[in-house]
Amino acid sequence: MRLVVVGNGPVGQRLVDAVRERDSDRRWQITVLAEERYPAYDRVALTSYLGGRTAAELGVVPAGCYDDRDAVLHLGDPAAAIDRAARTVTTAAGRVVGYDALVLATGSAPFVPPLPGADLPGCFVYRTLDDLDAIRRCMAWARTGIVVGGGLLGLEAVGALHGMGLDTQVVEMAPRLMPVQVDEAGGHVLRRHIEALHVTVHTGTRTERIEPAGRGLRLVVAGGEPLEADLLVFSAGVRPRDALARDAGLARGPRGGVLVDAACRTADDAVYAVGECAAVDGMTYGLVAPGFAMAEVVADRLLGGPAQFPGADMSTKLKLLGVDVASFGDAHAATPGALELVYSDQVAGTYAKLVVTDDARVLLGGILVGDASAYASLRPLVGAELGGPPERLLLPAGLTGATPDLPAAAQVCSCHAVTRADLVTAIRTGGLRDVAAVKACTRAGTGCGSCVPLLKRVLTECGVTPSRALCEHFDHSRAELFDIVRVTGIRTFSQLVAAHGRGRGCDLCKPMVASILASLGGGPILAGEQAALQDTNDHFLANIQKDGTYSVVPRIPGGEITPERLIVIGEVARDFGLYTKITGGQRIDLFGARVEQLPAIWRRLTDAGMESGHAYGKALRTVKSCVGQTWCRYGVQDSTTLAIDLELRYRGLRAPHKLKGGVSGCARECAEARGKDFGIIATEAGWNLYLGGNGGFTPRHAELFAPDLDTGSLVRTLDRFLMYYVRTADRLQRTAAWIEAMDGGLDQLRRVIVDDVLGICADLDAAMAAHVASYRDEWADTLADPERVGRFVSFVNAPAEHDGGVAFVTERGQPRPARPGERVLIDLEVVRR
């Protein structure tokens, strides 16, 4: 049988996935007609595309989904007409596809107010990757922007423009921001947060027309001064895309959308509709979770099931410009007799409201602004007996998680309709031991992610206590061992394993303890017992390569280097016959050095004023920079100086994993700062600080942690971030994974290192000050100790000029290791002479 799906957004793709999961006999041959040139991607995360994520990274199509003949995806060829009598769909390219069942998943289109001038150059909508590409091209010269629409989608667009460094204004016709999700008081708190970010807010403002204004635009508003900007984005809601159904003679809902019943089926038994284009019993839904539920219903129906649309959970939780906002259940107390309980903290900038029945026994809904950490626990309780006074859920102690037990039927994950009972069954029958396993088994937590804290809670309630032991020699985690060493003053591995472990250690715990001792000022890493703990790279203060030789990377802070030092590096490479490569971190890597040559190479470099770049260690590597306002016509701050200062401040800092930073002098982001553990982007008012990015096997973009910081506040915040990470992260845990694993994520991190809720900020400041004051170059330290220098031999009894049998060939004028069977074309010793 032939199934045609019109549209390849997240809901259309979810339908395809659901059918293929159920249809083990492959009864349905699926054809998907997609208007966009990209396969389905996560529209909820659309803003991150402007921050540097790619279309592939946003993609939601499972690998191999369209690799066989049972499912075919046609990109860039939308459906143009439906012939219901012939049961065919004709595409824009003229392709005619027959169907036995047709599912419309055409989504919605952005609403553009019918204003004169709305089609002028510089006016954009905010809906697809192509829309964002157009906005990004304009941002190459734009400095200011206006967003028309202060709802959920509008504030997403505001966040994108603001994050790219534009001076941004938002215009909303309603008397408050996010009028659908929050009430008047919540809107007031939200507005204060957003205005604190130097975003200008205009509420209760009606737009009249748009006019050209030089290279930019002028927005004329009723009863006020015109607003001017370089670009304008319409993000004022969406409308169902139902034209295809209308032209095919299918009925529509009273407010648009393809009219369907509880089975998501139209009056034509062969035609279904799902997602934002569907009007289930006349009601349309603009969230992804109801669309996923519809997709599951249709998949079940196509395979003979009785499923019906269960209604929609319209709850939302999101972070807009760094501000938590959540709304769930009957947030506006529309239920007859409903009562409201409100807690507002103007100092902290938080607002919380719970709506309960007239007897205060059943939770109906709520609103959270500024701190939505309680959302995951409160939303599943909607409709449930509270079993106690509702105010205990509202006051700060309650907002930290003091909630009653969840009923078995409580829906923990609304995106995928997973109840607490489903989770408990999966955990107990499947032997699931962690959140990742629960996600893989149940899909819970793989949608918006807001239920992840509850997954941890249910795991704990099921008696799952994942082991924190580092290895068989220590029952403690890395963070616990760090505190033990810090508090007790233990200075050697032998002391630590004798007092708090067992055995003689292993390749896991020895280097890790060595890193802890180095982080706490335990002296040179090659001194005394410390030397025996290091792995190969740290043991020789260089990176071992595949042929057994080593690479040497001198520090070049911020990528800035004098001609004299550049000449020295070139002379060293020439005299020792080293392969030379400029790295992505703005340094120069010298490959092919033998162990016994390392001290001589270091001597030449340190005599010229250079030092170790710590490319071999789990430590700060680089702080990459652009040239900033010193040279660049777009730069707004001195990014080079800041990058150099930070790299020199944090050099030698030993950590659970390598650390990288970046500083960009403007929103064009030439230093790729958001791909680093800490990234800094200049603004007219100061510096935006981003935390938790990395490249590598699982790339992540850093998230905005604090906007428009002055330099002193920026450095103080970074000091605390790095020291808190060094103290508490697990072994080999990057900052991104550390933040993701932290209950509360960035919000909790902000409470710790900005609000000082744990009372440790002074201690973190002192620890960083001690590191800066005690820094010593590891190359220079080693060269000053003849005993340590004597260890740098390939073999214990090897002669000083022993070459270890390493063979090289010439390629593009430089030496490289010979491959197996390759004729050696040069004599390495001749090259070096």
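**Reading salt bridges, helix packing and a sheet**

Tutor: Let's start with Arg95, which counts as partly exposed at 33% relative accessibility (buried is under 20% relative accessible area, exposed over 50%, partly exposed in between, with a 1.4 Å probe and protein chains only). Keep in mind that this is a predicted model, where local features need pLDDT of at least 70 and side-chain atom pairs pLDDT 80 or more, while totals for chains, interfaces and linings use all residues. Residues are numbered from 1 along each chain as its sequence is written, and side-chain values use heavy atoms, with hydrogens and water left out.

Student: Which residue forms a salt bridge with Arg95?

Tutor: Side chains of opposite charge can pair when their charged atoms come close. Here Arg95 pairs with Asp77, with 2.4 Å between the closest N and O atoms (the cut-off is a side-chain nitrogen of Lys or Arg within 4 Å of a carboxyl oxygen of Asp or Glu). Arg95 sits in the loop between β5 and β6 and Asp77 in the loop between β3 and β4, so the pair ties together parts 18 residues apart in sequence. Asp77 is buried, at 6%.

Student: How many salt bridges does the structure hold?

Tutor: It holds 52. Another one joins Arg37 and Asp130 at 2.8 Å; Arg37 is in the loop between β2 and α2 and Asp130 in helix α4, so that pair links parts 93 residues apart in sequence. Arg206, Glu208, Arg209, Glu211, Arg218 and Glu228 form a network of salt bridges.

Student: At what angle do α1 and α8 pack?

Tutor: Two packed helices are described by the angle between their axes and the distance between the axes. For α1 (residues 10-22) and α8 (residues 288-302), that's about 35° and 8 Å. Axes are lines fitted to C-alpha atoms, for helices over the stretch in contact, with angles from 0 to 180 degrees between N-to-C directions. Helices (H or I, at least four residues) and strands (E, at least two) are DSSP runs, numbered from the N terminus.

Student: What order do the strands β33 to β37 take in the open sheet?

Tutor: The five run β33-β34-β35-β36-β37, with mixed pairing (strands pair if DSSP finds at least two bridges between them). β33 and β37 are the edge strands, and neighbouring strands are turned by 15° on average, direction ignored. β36 and β37 pair in the antiparallel sense over four bridges; Tyr690 has Leu704 in β37 as its bridge partner. Helix α22 packs on the sheet, touching β33, β34, β35 and β36 (contact means heavy atoms within 4.5 Å). Its direction makes about 175° with that of β33. Helix α23 lies across β34, β35, β36 and β37, at about 15° to β36.
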